Structures are given as C-alpha cells and as structure tokens.
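This report describes the fold, the strand pairing and several individual residues of one protein. The sequence and structure are shown first.

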Amino acid sequence: MHVDATRPPHDVHLTYSRVEVNGSRIRWRVRLFRDDLEKSMSSYAHRPALSASSPAADSLFGAYFNDRVRLAAGGTPLKGTILESGRDPEPTDQEMWWYLIDLGANAPIRSLTIQVALFFEYFADQRNIVSVTKEPGGLRRSLYFAPGDTAGKAVVF
C-alpha cells in the first residue's frame, strides 16, 4: 500500500464525481483520496498491499464501482467500464486519484436513478458528491450521498 509519511492524514473521507450525460452515453469521472482507495481496495480484494498504480487496480476498482454505484437510465441498470485512471495532477495536501468510467444505454438518456455507496463500508464518515451535467444544454444537478442513504436519487432531464 502506498503511504506518504510526509503528508499529514486527512480528516475527511470524500469522493467527488462529475457525470456527463450526452445522448445514450455517460462519462463518469470520480476523484478520491489515494490512501482511501488503496485501503479500501486492499480490503475488498483481500490483498494486504495494493497500489492504485498496479496493473490489477483498474479492473478491481471497476468491479467495486459496479458493485457500489447503482445507476439506471429510464429504469434499466447500467454497468461501467474503466477507460482511464491516474494520479490527479492538481496540487493538494493529499494525493488524489481519478477514474474515468464509460456507461452506455440503449436509447438517449432522459432520466437517471443514482445511488453511490463508495467506501461506506470502510469509513463511517464517508461522503460522496455527484455533479450530473446533461449535454447539450448544460443542465446540472448535484447529489449528496452519506451512509444510511438506501434509496436512489432521481434526475430527470
């Protein structure tokens, strides 16, 4: 597991997702703390040390994402595929990591039901923020998920 002893521990557990809906495609970009990712994925995979930059990390996070993020377009469940991942270049006091996930529906998306439970099983204070944008037009909705949220939240375009 990657641990940077020069960085102070962070006191918040948070993911931030930007979700862009265009026609029948969704591009979901999630940004998270690298140490939270590595701790969670090590536990999820039952591997004592797992680096976010290891070859297995993308497929492991893809399986975890599809397990913990419930997303339906017009009532039809969608599953994502990891397109890319990497270290977030933005300067922060903590190292951040990102994933870009592709999801596709059979028809243009007019409504979504979203439930995001990333890392809830690992951190009692975990929070997940999701910003959904519909193109063309730029219609934007923001959603907030905390442990105990058991129902999906609807977004209608």
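## Strand β3 and its sheet

Strand β3 is mostly covered, with four of its five residues buried. Buried denotes a relative accessible area under 20%, exposed one over 50%, and partly exposed the range in between, with a 1.4 Å probe and protein chains only. Helices (H or I, at least four residues) and strands (E, at least two) are DSSP runs numbered from the N terminus, and two strands pair if DSSP finds at least two bridges between them.

The model is predicted: local features need pLDDT of at least 70 and side-chain atom pairs count only at pLDDT 80 or more, while totals for chains, interfaces and linings use all residues. Residues are numbered from 1 along each chain as its sequence is written, and side-chain values use heavy atoms, with hydrogens and water left out.

β3 belongs to an open sheet of four strands in the order β4-β3-β7-β10, with antiparallel pairing. The edge strands, each pairing on one side only, are β4 (76-77) and β10 (153-156). In general, the strands of a sheet pair through backbone hydrogen bonds, either parallel or antiparallel.

On one side, β3 (residues 69-73) runs antiparallel to β7 (residues 111-116), and five bridges join the two. Within this pairing Leu71 stands opposite Ile114 in β7, and Ala72 stands opposite Thr113 in β7. Ala72 also stands opposite Pro77 in β4, where β3 and β4 pair in the antiparallel sense over two bridges.

β3 and β4 form a hairpin with two residues between them, and Gly74 in the turn has a positive phi of about 60°. Gly74 counts as exposed, at 60% relative accessibility. The C-alpha atoms of Gly74 and Ser111 lie 5.4 Å apart in space, although the two residues are 37 apart in sequence.

## The β8-β9 hairpin

A further antiparallel pairing joins β8 (residues 126-135) and β9 (residues 139-145) over seven bridges. Asn128 stands opposite Phe145 in β9. The two strands form a hairpin with three residues between them, and Gly137 in the turn has a positive phi of about 115°. The loop between β8 and β9 also holds Pro136, and the peptide bond from Glu135 to Pro136 is cis, with omega near -5°.

## Backbone exceptions and exposure

Most residues other than glycine have a negative phi, and most peptide bonds are trans. His46 has a positive phi of about 55° although it is not a glycine; its place is the loop between α1 (34-45) and α2 (57-68). Phe119, in the loop between β7 and β8, likewise has a positive phi, near 65°, and is not a glycine.

| Residue | Relative accessible area | Class |
|---|---|---|
| His46 | 71% | exposed |
| Gly74 | 60% | exposed |
| Phe119 | 1% | buried |
| Phe157 | 27% | partly exposed |

## Phe157

Phe157 lies in the segment after β10. Phe157 and Ser111 are 46 residues apart in sequence and 5.8 Å apart in space, C-alpha to C-alpha. Leaving aside residues up to four places away in sequence, Phe157 touches Val21, Ile109, Arg110, Ser111, Leu112, Val132, Lys134 and Leu139; a contact means heavy atoms within 4.5 Å.

## The protein as a whole

The protein has two helices and ten strands, which follow the pattern β-β-α-α-β-β-β-β-β-β-β-β along the sequence. Its radius of gyration is 16 Å, close to the 15 Å that the globule rule gives for 157 residues, so the protein is as compact as a globular protein of that length. That radius is taken over C-alpha atoms, and the rule is 2.2 Å times the number of residues to the power 0.38. Along its principal axes the C-alpha trace spans about 45 × 30 × 30 Å.

Buried residues make up 43% of the 157 residues. Among contacts between residues at least 6 apart in sequence, 62% join residues at least 24 apart. The protein exposes about 8000 Å², and carbon and sulfur atoms supply 52% of this area, computed by the Shrake-Rupley method with a 1.4 Å probe.
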